[in-house]
Each structure stands twice: as structure tokens, then as C-alpha cells.
Amino acid sequence: MSKFMEWWKTDKRYILLLKTVLMALLPVFCCLLTCGMQGKSVSDVYLPMSEWNDELFYFKQVEGIVNYGYPQGYFGFNESHALKLSFAAWSPVLVFPWIIWGLLFGWNVMSPIICNVVLLTLAMVLFVILVRPTWKQLGILTLLFCLYTPFSRYMLSGMPEIICISMLIIFYSLAINYGRSERTYKLVVLFVMAGVLTLMRPYMLLFLLLPAYYLIRRKRWWGVLGSALVFGVVLGSYGLIKHYLGAEYFTPLFFTDWITTFFEKGFFSGIYYFFAKIYWMGCDFLEHTAEGFRSGLASGAFFAGYLVMMAILLWQSLSDWTSYRKKKKKGEASLSEKFVPQLHLAVCFVGMLLALLLMYKLTEGSKHLLTFIAVGVFMVSLMKTAFYKKAVLLGVTFVYFYSYMAVNHPYDFQVPYAEDVRQEQIAAATEVLAEKMKLSEGSAPNYDNAVIWTLYDNVPDKNDAPVQTSMKWQLLYAIPQGFGISCCEGEYVRENLKTLQSRYLATIVDGEVDVLCRENGYRELYRDHEVVFYER
């Protein structure tokens with residue numbers, strides 16, 4: 001026994017291996033636990049049962065890339081399309097791990113889920129190898145990881161949040177490792193990762209500040225010049241991707257009125273508008289947060305978790321800095337290698353909050369905060385703690401908002417499981433549409449290979465009164481590989497029915513568009529009790 005204990009304490013390699021294996025199993029364990037608690041298994045997860053329609057676009061775009069190099073029909077909104085190729089409003093860089101996965105292993109409705117689990121598992125492994133956490137830190141991490149249910153929810157989805165989370169976990173793990181041993185190759189990798197993250201989502205430009213700080217600290221003015229060059233290349237690349245590969249969305253993806261006011265109305269008016277917008281949007285933000293406490297409103301729950309995490313990061317950073325200054329006076333100054341990444345993450349939290357208030361719609365932008373919270377979980381697990389106050393505070397926050405109150409909002413928290421009726425619908429539509437929808441042999445991409453998704457339409461109720469109804473868009477998973485999807489508002493389809501460019505159209509059974517299609521000689525391809533497909 002004594003020899004075993006001695007080995008346990010001294011053989012670092014085997015201890016590191018054991019920690020790595022345990023952390024690698026954590027994402028799988030959480031997915032199994034999440035499904036098992038509802039009497040399901042991971043194999044029961046079925047994307048066409050989800051209510052998150054972004055997943056459809058991501059899935060079908062990756063499917064087109066994997067099978068044809070790029071989708072053969074246009075993805076867009078109200079028949080908008082990119083200047084080049086056929087992607088929707090979001091950068092295709094966002095899903096590049098899925099593309100690689102699909103090219104290697106094929107692409108089906110389980111592919112993004114399996115890839116998500118593998119990516120987060122890889123991130124956990126690299127976290128242990130690069131950071132070398134203690135057993136106590138891993139215990140805290142395990143607890144918070146299990147309590148933060150968005151980890152499991154987004155692994156079991158077709159959303160790319162786990163891609164961003166996994167990359168950021170590796171990014172901060174490498175940053176902590178860099179603090180122990182400042183090697184140039186690590187700094188280069190940090191720049192590359194932050195640059196790719198920015199190409200995925202522009203607000204992640206915040207993460208470029210960390211390698212820029214390291215470079216400036218090492219090279220001074222040369223570092224400033226080098227960092228400015230990297231920023232310029234990354235921003236220029238994002239601008240080109242957005243300009244050439246992004247389709248125009250219904251509304252602006254982010255607002256720039258707080259910038260344009262300076263040029264349109266002068267400097268002082270711009271300053272006034274800047275702070276006024278922060279104030280009014282901040283009031284809305286707090287109202288959402290309060291509603292999150294009362295009813296579990298998802299956006300408010302995300303805001304509340306974000307504020308708690310931000311407060312912990314800021315407080316710990318201030319505490320560490322104060323302690324450092326006191327020790328410096330005594331000649332005992334030393335900062336932990338975790339301090340700079342921790343402080344940087346706190347600054348990113350503040351920066352993202354300002355970006356949310358100034359540039360995004362609160363309800364749509366709230367889910368982006370989940371990535372920051374997820375990475376914060378890892379940083380909190382590494383903090384020095386007395387009586388585990390920070391972990392307990394965070395754990396209670398997670399349990400209240402993301403488990404206890406989450407039952408009130410299944411749309412945002414419920415994992416989609418297969419149901420016989422939906423599977424039979426998809427199977428029947430897939431079989432028929434595979435025979436009747438053929439990709440055009442002309443130059444691609446083109447509108448002949450595009451399907452209009454009528455987002456909503458007016459459907460008569462029992463009294464023949466028109467009621468605006470959303471289409472059961474999940475049946476669009478049944479369209480053949482390579483086809484693009486143009487998400488169109490009902491008004492757009494009705495007003496432009498005779499001049500629509502897309503060859504195919506899907507709409508609600510017995511809605512106004514359905515009636516107009518029959519009257520105007522559209523050829524019916526498939527119909528069930530919810531959705532009908534037409535060829536123009």
C-alpha cells in the first residue's frame with residue numbers, strides 16, 4: 001500500500017494520464033446523463049425535431065460543401081444571395097470543423113452531434129496537458145461543467161457554439177502554458193486561433209488582444225507594429241468574406257448607428273447618443289435579467305449567468321492585483337501565469353457586454369454570451385479558493401437558471417428527441433423529393449437549385465379568418481443534397497409569386513401561398529397535412 005501511495009504522489013506521468021482520461025470522459029458522461037435522465041439515449045437525438053431553425057441552414061450548407069464543394073443552390077433570405085458561391089449570412093469559417101468531419105466520416109443528422117462531443121473532448125484533453133490542474137481544481141471543474149447544462153444542450157445540437165467553446169478552451173489553456181514558458185511558436189498559434197475565431201464571429205476580435213499584449217510586452221514597438229498588421233489582415237479578411245460570401249439578411253446582423261452618429265451629427269451628439277444607447281439598452285438588459293429570475297426567460301437567464309461570471313472574474317483579478325502590489329513592496333512580487341489570461345477574459349466580458357448593448361438585438365445576441373460563460377467555468381476552476389465560495393455561487397446560479405427554471409422554457413433547453421410521426425414524415429418526403437427534385441446541370445450555384453422556405457403565411461381558422469402561422473420548416477431536411485434554401489417572408493412570396501427566381505417552393509398547406517401556387521399553375525411535388533412542395 002505504501003508503495004502504491006508513493007507511486008501515486010511521485011509518478012507525474014501516470015497521474016497526468018489519469019487526469020486526462022477522466023476529463024476526456026466528462027463530455028460523454030454529461031451527454032449520457034442528460035439523455036438518461038429523460039429516459040433517452042444519445043442515439044435518440046434527432047435534429048429535425050429541434051425548434052432551432054439555424055440548425056437547418058448550418059446542416060444543409062455543410063451537406064452541400066461535403067458533397068459538392070459548395071451548395072449548388074443559393075442560401076439566402078427573400079432570395080438574396082452571396083456575390084460568390086452560395087452561403088447564407090454567416091461566415092462558412094464558423095463550421096469548418098464540421099466540414100472536415102464530414103469529408104472524413106460522411107455527413108448525416110448525427111454527424112454534428114458526434115463532432116461536437118469529439119471537439120469538446122479534445123479541448124478537455126488539451127486543457128489538462130497544457131494547464132496541469134490539481135485534483136481539487138479538476139473537482140471544481142467537473143462540478144461546474146455538469147451543472148452548466150448548456151454544455152450538454154449544445155453538444156446535442158446542430159449549432160456551432162461548441163466549436164467556438166472548444167477553440168477558446170484550447171486558446172486559454174495555451175495562454176496559461178505560455179505564461180510558464182514563453183515560446184514563439186505558442187504565440188503564433190495564439191494569434192492564428194484568435195484570428196480564426198474572429199473570422200467565425202467578429203466580436204471575437206476581443207481575443208486577439210491577448211496575444212497582441214504578449215507580443216508588445218516582448219518586442220515593444222515592433223510588437224505594436226506586428227499586432228497592428230495582424231489586426232489589419234484579420235479584419236480585412238473578415239470584410240472580404242462578409243462582402244463576397246455572405247448573403248444579405250432580413251435586417252442588419254449588427255447595428256452601427258452609434259458610430260455613424262459621430263459623422264452625421266457631430267462629435268458631441270455622437271458622445272451623447274453613445275451613452276444614451278448604453279443606458280436605454282442597459283435598462284432593457286436588466287429587465288430581461290429580472291424576468292429571468294422571475295420566470296426563467298432564457299435571454300434573462302443567460303444575462304444573469306453572464307453577470308455573475310463577469311463579477312467573479314473582475315473581483316478575482318482585482319484581488320490578485322492588490323495582493324501582487326502589496327507583495328511587491330516587500331520584494332516578494334510574483335504574478336501567477338493565470339493572471340493575465342484571467343484579466344483578459346474579464347476585459348472580454350466587459351467588452352462583449354458593451355458590444356451586445358450597442359450592436360446586437362438582446363434576444364438574438366444573448367446566446368452568444370453562453371460561449372463566454374463556458375470558458376469562464378474553466379478559469380474559475382483554477383482560482384485560489386477558500387471554502388469554495390466562487391464555485392458555490394456559480395453552481396447555485398447554474399442550477400437555478402439552467403435546471404430549475406429551464407423547465408419553463410423547453411424551446412431553449414430541451415434536447416430534441418426522435419418521434420415516430422416526424423421520422424415518418426421526413427422519410428416519406430425524402431423518398432418522393434429525391435425522385436422529383438433534380439439538381440440543374442447548368443453553372444452552379446443557381447436559383448434552379450434553390451428551394452423557397454415560406455417562413456410564415458396566413459392560414460384560415462375555423463371561421464375562415466386568416467391567422468399568421470409558421471411553417472413546419474423541419475421537413476426541409478428532406479430536400480436532396482446540394483440544394484440551397486432561401487428563407488422568405490410570407491409577404492415577399494405572395495407579392496412576388498409570378499416573378500420568384502427559385503425553382504422550388506415549400507409552404508404551409510391551405511395557406512394563401514398554397515392557394516396562389518395552385519391558381520398560377522405551380523406543379524405540386526409532395527403534400528402532407530402540414531407542408532406542400534411546389535416546382536415553379
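User: Which residues does Tyr172 touch, leaving out those up to four places away in sequence?
Analyst: Tyr172 touches Phe207, Leu210, Pro341, His344, Leu345, Cys348, Val375 and Met379, where contact means heavy atoms within 4.5 Å. Keep in mind that this is a predicted model, where local features need pLDDT of at least 70, side-chain atom pairs count only at pLDDT 80 or more, and totals for chains, interfaces and linings use all residues. Residues are numbered from 1 along each chain as its sequence is written, and side-chain values use heavy atoms, with hydrogens and water left out.

User: Which residues touch the most other members of the largest nonpolar core?
Analyst: Tyr172, Phe207 and Leu476 do, in a core of 163 residues. Such a core is a set of buried Ala, Val, Leu, Ile, Met, Phe, Trp, Tyr and Cys residues joined through side-chain atoms within 4.5 Å; buried means under 20% relative accessible area (1.4 Å probe, protein chains only).

User: Which helix gives the most to this core?
Analyst: Helix α8 (residues 161-180), with 14 residues. Helices are DSSP runs (H or I, at least four residues), numbered from the N terminus.

User: New topic: at what angle do α17 and α18 pack?
Analyst: About 150°, with their axes 11 Å apart. Axes are lines fitted to C-alpha atoms over the stretch in contact, and angles run from 0 to 180 degrees between N-to-C directions. That makes α17 roughly antiparallel to α18, a label for angles over 145 degrees.

User: Who makes the contact there?
Analyst: Ile373, Val377 and Val380 come from α17, while Lys390, Leu394, Phe398 and Tyr402 come from α18.

Note on methods
Helices (H or I, at least four residues) and strands (E, at least two) are DSSP runs, numbered from the N terminus. Angles under 35 degrees count as roughly parallel, over 145 as roughly antiparallel, 65 to 115 as roughly perpendicular and the rest as oblique. Buried means under 20% relative accessible area, exposed over 50%, partly exposed in between (1.4 Å probe, protein chains only).
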